[in-house]
Amino acid sequence: MPSSAPPPPAASQLVPPTSPATVKTPVAPVKSPSTPAAAPVSAPADRRRWFALAIVMTAAFMDLVDVTIVNIAIPSITRETGASVSAIQWITAGYALAFAAGLITGGRLGDIYGRKRLFLIGIGGFTLASALCGVAPDPGILVAARILQGATAALMVPQVLSIVHATFPAHERGKVFGLFGAIVGLGAVSGPLLGALLTEWDLFGLGWRPIFLINLPVGIAGLVLGAKFITESRAPKAVRLDLPGVALITLAMLMLIYPLTRGHELGWPLWGHLSMAGSLLVFAALVIHQRRKALTDGSPLIELSLFRVKSFAAGIAVQLTFGVGLGVFFLVWTLYMQTGLGWSVLRAGVTGIPFSVAVSVAAGISVQKLVPRFGRKVLQAGALLMIIGLLTYLWESEQYGMGISSWQMAVPLVVMGAGMGLIVAPLTDMVLSEVPKEHAGSASGLINTVQQMGTALGLGLVSVVFFGAIGDRLVPEAVGPAFVDAFQQSLWWVAGVLSVIFLVMFALPARPRAHGESGPN
């Protein structure tokens, strides 16, 4: 990526949504490795740029809430549609996988054809996919619509910060990014609660469907107003796409995740094991293709030279592993509360509020106060806090069993949320601190892509760590205790993943530095 590529979003922007599915950070503009970024246009004297900002932020908020809103309703979707175990996982994992596979290409398409144009195509497609989700008559169509949602989000989301960068002069961007961080924090708190309320209210007898249909008026307004107020921008030189690279990475992930999600239901057939083993060969073919692509036209999907930077390689491993752990935890947590304990969707949504608030508060303190002084120790402290919170949660679940209350869960959830906030907010800046400036855009896009892939993989592993611990053909009175036991076993897996993350973090820089600055760790 070019030396003039826009920097990734400031760490203070990276407060995550706390959802039973994924944790998504704002996506930095993704540029071609050989193409300089478009110079920011002069901001007009009128207020059009602020209208444009409101529109793209609303779209980002819609995407963010859509991720957090869905998973709280998963048990309701299961009951009403008869979704299988694998369908449950694909309703969430399909979105993450499609988003990850198209993220970098979506950014490059915006450079080629115009960020405004791709934003409008993306928000239009996202709105259509939301409508399809809302009227889906069966789990299969719902899964397909969710995959379409993820693919169109991959067109829409990368344009948000690109449009901000191209529309606002440098002296205004600090204020704009601050507003963006506030929107992300709002989505973190409001998404699960909004999903719980919409499902609990059963508007017009539609059950869970309004969690998707609520996107329609927002998306239509964004499409109409965006066409009027957003200024078009694109890269000054043509950039190249790497569609074979996208195909290879998508195939490799499908060969790995599909057998994981279906294996439990099908009794782990031989073809599933062969598919998972074959995915390693496809990943190897992807690496070979990327090397050739870099030599022939300088526009690989993945800039492999970045992995020579120890801190970046370690950071990618942390992002991937972190996504796996959170993908497992948030889905099984929802199933534990609603199916295991028999709680209503509203009670489950309200129970998660302390976690969301703790993430947001700790993220702000981490970036502003702690990381500048203590560096990577803050992130490692976050991993330890999450482990302590998980083990406390495990002890309480075993101690109180089916009689556990929301108030008893609050303490471990606050500890876990605080630990997560200490990690997620500064992690991207820490990972990028030793990356050369000319590759900052490529590295930022790769970080976000790997994070989503980790989430998709974690959701696929739910079949192993959670459903694999539940016996088949349970009598109704045994379902609750079986789900509680499986949740407790899953917590050990997540704690183990976080222990690995803690160790890998030793390879991160002791202190974050300006991107591309050289010097010892």
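Reply: Let's start in the loop that joins α9 (243-266) to α10 (270-296), where W268 is found. This is a predicted model, so please read each value below as computed from that prediction. The backbone of W268 has a phi near 50°, a positive value in a residue other than glycine.

F204 is not a glycine either, and its phi is positive, at about 55°. You will find F204 in a loop too, the one between α6 (170-201) and α7 (210-213). With a relative accessibility of 80%, F204 counts as exposed.

A positive phi also turns up at G342, which sits just after α11 and has a value of about 75°. That brings us to helix α11 itself. Does its length fit what we expect of a helix, or what is the span? At 1.5 Å a residue, the 31 residues of α11 should span 45 Å, and the end C-alpha atoms are 43 Å apart, which agrees. Of those 31 residues, 25 are buried, so α11 is largely enclosed by the rest of the structure.

Now for the inside of the protein. In soluble globular proteins, nonpolar side chains tend to be buried together. Here, the largest nonpolar core has 112 residues, and those with the most contacts inside it are F312, F329, Y336, Y393 and F466. Helix α11 (residues 310-340) gives this core its largest share, 16 residues. Take F312 as an example: leaving aside neighbours within four places in sequence, F312 is in contact with L306, F307, V431, V435, A443, L446 and I447. There is also a second, separate core of 28 residues, which includes M62, Y95, L103 and V164.

Finally, turn to helix α17 (residues 476-504), where Q488 lies. Is Q488 buried or exposed? Its relative accessibility is 11%, so Q488 counts as buried. Not counting residues up to four places away in sequence, Q488 touches L394, S397 and E398. With one of these, S397, there is a polar contact between the two side chains, at 2.9 Å.

Conventions: Residues numbered from 1 in each chain as written. Predicted model: local features only at pLDDT ≥ 70, side-chain atom pairs only at ≥ 80, totals over all residues. Heavy atoms only, no water. Helix = DSSP H or I, 4+ residues; strand = E, 2+ residues; numbered from the N terminus. Buried < 20%, exposed > 50% of the residue type's maximum accessible area, 1.4 Å probe, protein only. Polar contact = N/O pair within 3.5 Å; in protein donor to acceptor, adjacent residues only side chain to side chain. Contact = heavy atoms within 4.5 Å. Core = buried A, V, L, I, M, F, W, Y, C linked by side-chain atoms within 4.5 Å. Expected span 1.5 Å × (residues − 1).
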